[in-house]
Structure formats: structure tokens, C-alpha cells
Amino acid sequence: LAVLDRTKTSNMVALLVALADGEVRTYNGRVLVDVLRTGDGVMAMLFGQYARMENSLVLVLKSGALVVKMVQRQANFTDAWERKEIVAAPPINIPKRTKFYLEQATRERSHTLEIHQSFQRDLGVMRLQTARTFIDLTTEGRCALSSATHGAPQLHAQTQGLGPQFTVSVTIQT
């Protein structure tokens, strides 16, 4: 999101919205004014002064490309300002909550402490098993460690997510 503010030259304020599919949409209130297609996802966007041009839109794309769009000082947007109305998106079909889902949610609410303790215990076991495997690999010589380091290697395990499905990232630093 970025704010297109041209109050110095013409009394105009709009909202710029970058979408994941590479479109940059300009809205005046709830009215869609313009669509800019970049061809790649937008990672960063800023509207403001670039060099000597006061009204510039700078985009950084996922590919690393830098796109600079400059608006002329004499540009008149009054014709395009009321041109397009927002088309309402179709409603998303959300499945109804099943009896099994409600029972599972109730079970999780009533046993939160046990679930958390089980998760922590399993995580500790996994860390211990990873550390033992690492030690076995280094003592057998199958894991090459740099001899230039004077400190002991560090093992970090992080979890991402909670519940029945989660990801464990294990990082070894020398």
C-alpha cells in the first residue's frame, strides 16, 4: 500500500495497492481509477519525490528490477477519477464446520496444557536426537568441519507452527 498524494499541484489523494499477481491498482475512495501491470510481483512501492520529479512511483519487483513511473506535473486525472466502479468479488465458499471439527476444537481447548507439554517433550527429544546424530557424524569423520574455527559448533532447532502439523528447522553453525 502507498498513498498517491498530489495536493501540491492538484488537490488529489489516492491509494495505490500492489497485488500478488503484479498489478498495481489506484483507488480514489472506493472507485478504481487505474490498473498498472508490472508482469512480476511487487516487493516494495513508494510514491513521492524521485530526483527532481515530485510525483514518482518507485516499484521494486520480486526479480530485483527497479521500476520508476513519473507523473507529469500538468497531468489531469479528473476524467479518469469517476471512470470505473469497483466490481464486487464473488463470495468465497467457506465450508460449514463439521461435528468432528467442533469436537476436536473442544478437545484441544480442554487439554491445552497436556498438548503443549507433549509438544515441548517431542521437541526436546527431536533436538536431542539431532545433536546425537551430529556428534556421531563429526566423530566418525563423515561431517567436514572447518579446523579454522576455535569454538564448538552450535546447533539451533526452531519450530514454525503449532498443532498436528509443524516444521522444524535445524541449523548447525561452526
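Leaving aside neighbours within four places in sequence, which residues is Met45 in contact with? Select Met45 and look around: Leu1, Ala2, Leu16, Val17, Ala18, Val24, Leu57, Val58 and Leu59 are in contact with Met45, where contact means heavy atoms within 4.5 Å.

This is a predicted model, in which local features need pLDDT of at least 70, side-chain atom pairs count only at pLDDT 80 or more, and totals for chains, interfaces and linings use all residues. Residues are numbered from 1 along each chain as its sequence is written, and side-chain values use heavy atoms, leaving out hydrogens and water.

Next, colour the chain by pLDDT, the predictor's confidence in each residue, from 0 to 100. The mean for the chain is 78. Confidence is lowest in helix H1 (residues 78–81), at a mean of 56, and highest in helix H2 (residues 99–110), at 90. Helices (H or I, at least four residues) and strands (E, at least two) are DSSP runs, numbered from the N terminus. The chain has three helices and nine strands.

Now select Leu16, Met45, Leu57 and Leu59. These have the most contacts inside the largest nonpolar core, which has 13 residues. Strands E1 (2–5), E2 (13–18), E5 (42–50) and E6 (53–61) each give two or more residues to this core. A nonpolar core is a set of buried Ala, Val, Leu, Ile, Met, Phe, Trp, Tyr and Cys residues joined through side-chain atoms within 4.5 Å.

Last, select Glu23 in strand E3 (residues 23–28). Is Glu23 buried or exposed? Glu23 counts as buried because its relative accessibility is 11%; buried means under 20% relative accessible area, exposed over 50%, partly exposed in between (1.4 Å probe, protein chains only). Not counting residues up to four places away in sequence, Glu23 touches Val17, Ala18, Val35, Leu36 and Arg37.
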